[in-house]
Amino acid sequence: MFKYIPIAKQMIKERAKNVRNAQENARNAANIDYLAMMCGVELSDNEAEEAVGDE
């Protein structure tokens with residue numbers, strides 16, 4: 001029913017997926033910065049302030 005995937009192969013796949021996600025996140029952040037610049041919106045660069053607001 002289910003195919004067994006060894007732990008080593010699972011780690012390789014998950015690391016590759018993490019790299020793809022990091023690249024996509026960087027691309028999305030760049031797109032957001034570009035749109036904000038074109039619209040004249042000032043974005044906060046303070047990540048610590050954002051983390052406190054999420055709690």
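Author: One term comes before the rest: a salt bridge is a side-chain nitrogen of Lys or Arg within 4 Å of a carboxyl oxygen of Asp or Glu. This is a predicted model, where local features need pLDDT of at least 70, side-chain atom pairs count only at pLDDT 80 or more, and totals for chains, interfaces and linings use all residues. Residues are numbered from 1 along each chain as its sequence is written, and side-chain values use heavy atoms, with hydrogens and water left out.

Reader: How many salt bridges does the structure hold?

Author: Lys-17 forms a salt bridge with Glu-14. Their closest N and O atoms are 3.5 Å apart. The count for the structure is one.

Reader: Why are Lys-17 and Glu-14 separated by about one helical turn?

Author: Both sit in helix α1. Helices (H or I, at least four residues) and strands (E, at least two) are DSSP runs, numbered from the N terminus. Lys-17 and Glu-14 are about one turn apart because their spacing in the helix is three residues.

Reader: How many helices and strands are there in the protein?

Author: The helix α1 covers residues 7–39. Just after α1, Gly-40 takes a positive phi of about 80°. The protein's totals are two helices and zero strands.

Reader: Is Ala-36 buried or exposed?

Author: Buried means under 20% relative accessible area, exposed over 50%, and partly exposed in between (1.4 Å probe, protein chains only). Ala-36 has a relative accessible area of 9%, so it counts as buried.

Reader: Which residues is Ala-36 in contact with, leaving aside its neighbours within four places in sequence?

Author: Ala-36 lies in helix α1. Contact means heavy atoms within 4.5 Å. Beyond those neighbours, the partners of Ala-36 are Val-41 and Leu-43.

Reader: Which residues form a nonpolar patch on the surface?

Author: Patches are made of residues with over 30% relative accessible area and no salt bridge; like charges are joined within 9 Å, nonpolar side chains (Val, Leu, Ile, Met, Phe, Trp, Tyr) within 5 Å. Accessible areas come from the Shrake-Rupley method with a 1.4 Å probe, and for residues only the protein chains shown count as cover. The patch has about 480 Å² of accessible area together. Its members are Tyr-34, Leu-35, Met-37 and Met-38.
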